[in-house]
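Reader: I would like a close look at one part of this model. Take me through the packing there, and give the cut-off with each term.

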Amino acid sequence: SNNVLLTNHRAAKISDLGMAKMIRADSKQTKSRLTTAPGTLHFMPPEALVELDPIYGTPVDVFSFAAIGLHLFSEEWPTPGAQKGRDPKTKKLVALSEVQRRQTYLDKMTKEVAAFKPMIVQCLDDDPDERPPVEQVSQTLKVLKTTDSGVKKLASQLEGAKVSSKPAKPIKES
């Protein structure tokens, strides 16, 4: 993802945590305000988009982790599909789950990365209470690290990416 920066030691640093300022173009005011929803729209869970005063905790992070995983594994920007679709049986318009909205990217998770799909699907659950805790995601990555070599390498890289709120130091070019 464009907002995940890596240090020289491969520690992940998250940037743009909703600190962008918005200034009205038609205004002569110099006042600005922070954006109301932190994060990038395509990586945000449904509860962050529909609630007036959403609670930001680990379920939000777990969802965003899954969206970043889709981005990494599909090598495409994970733009969710339509929010509604036709029920194949009744032909009525119904709300689609976040997993259904991202099915195109999940389908691209083949070969080595297919082993990550069940974890990604769990992390994309619409209900924040149904998403796995961070500890379970970490444990899953540790288990995947012990499987075949391609999966082992990917899991090691993901597990080694430690998230920190400290700002990243600039990389010195040599």
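Author: Start at the surface: K91 counts as exposed, at 54% relative accessibility (exposed is over 50% relative accessible area, buried under 20%, partly exposed in between, with a 1.4 Å probe and protein chains only). K91 sits in the loop between β5 and β6, residues 93-95. Its phi is positive, about 65°, though K91 is not a glycine.

Now the ground rules. The model is predicted, with local features needing pLDDT of at least 70 and side-chain atom pairs pLDDT 80 or more, while totals for chains, interfaces and linings use all residues. Numbering starts from 1 along each chain as its sequence is written, and side-chain values use heavy atoms, without hydrogens or water.

E75 is another non-glycine residue with a positive phi, about 60°. E75 lies in the loop between α2 and β5, residues 84-86. E75 is exposed, at 72% relative accessible area.

Next, the layout. The protein chain holds 7 helices and 6 strands (DSSP runs, H or I of at least four residues for helices, E of at least two for strands, numbered from the N terminus). Read from the N terminus, the order is β-β-β-β-α-α-β-β-α-α-α-α-α. Of the 174 residues, 28% are buried. Take contacts between residues at least 6 apart in sequence: 49% of them join residues at least 24 apart (contact means heavy atoms within 4.5 Å).

The part to look at is the pairing of α2 with α6. Helix α2 covers residues 58-74, and helix α6 covers residues 134-144. They pack at an angle of about 30°, and their axes are 10 Å apart (axes are lines fitted to C-alpha atoms over the stretch in contact, with angles from 0 to 180 degrees between N-to-C directions). On the α2 side, T58, V62 and F65 make the contact. By type, the contact residues are 5 nonpolar, 1 polar and no charged.

Turn to α6 itself. V137, L141 and L144 are buried there. Viewed down the axis of α6, the buried residues fall within an arc of 65°, so they line one face of the helix.

How many residues does the largest nonpolar core have? It has 18 residues, and those with the most contacts inside it are L70, M109, F116, I120 and L124. Two or more residues each come from α2, α4 (103-107), α5 (117-123) and α6. The largest share is that of α2, with 5 residues.

C123 ties several of these pieces together. It is placed in helix α5. C123 is buried, with a relative accessible area of 0%. Leaving aside residues up to four places away in sequence, C123 touches V62, F63, A66, R131, P132 and V137. C123 and D61 are 62 residues apart in sequence, yet their C-alpha atoms are 9.3 Å apart.

Last, G57. It lies in the loop between α1 (46-50) and α2. G57 is partly exposed, at 25% relative accessible area. P128 is 71 residues from G57 along the chain, and 9.6 Å separates their C-alpha atoms.

How values were computed
Ala, Val, Leu, Ile, Met, Phe, Trp, Tyr, Cys and Pro count as nonpolar, Asp, Glu, Lys and Arg as charged, and the others, Gly among them, as polar. A nonpolar core is a set of buried Ala, Val, Leu, Ile, Met, Phe, Trp, Tyr and Cys residues joined through side-chain atoms within 4.5 Å. The arc is that of the directions from the helix axis to the C-beta atoms.
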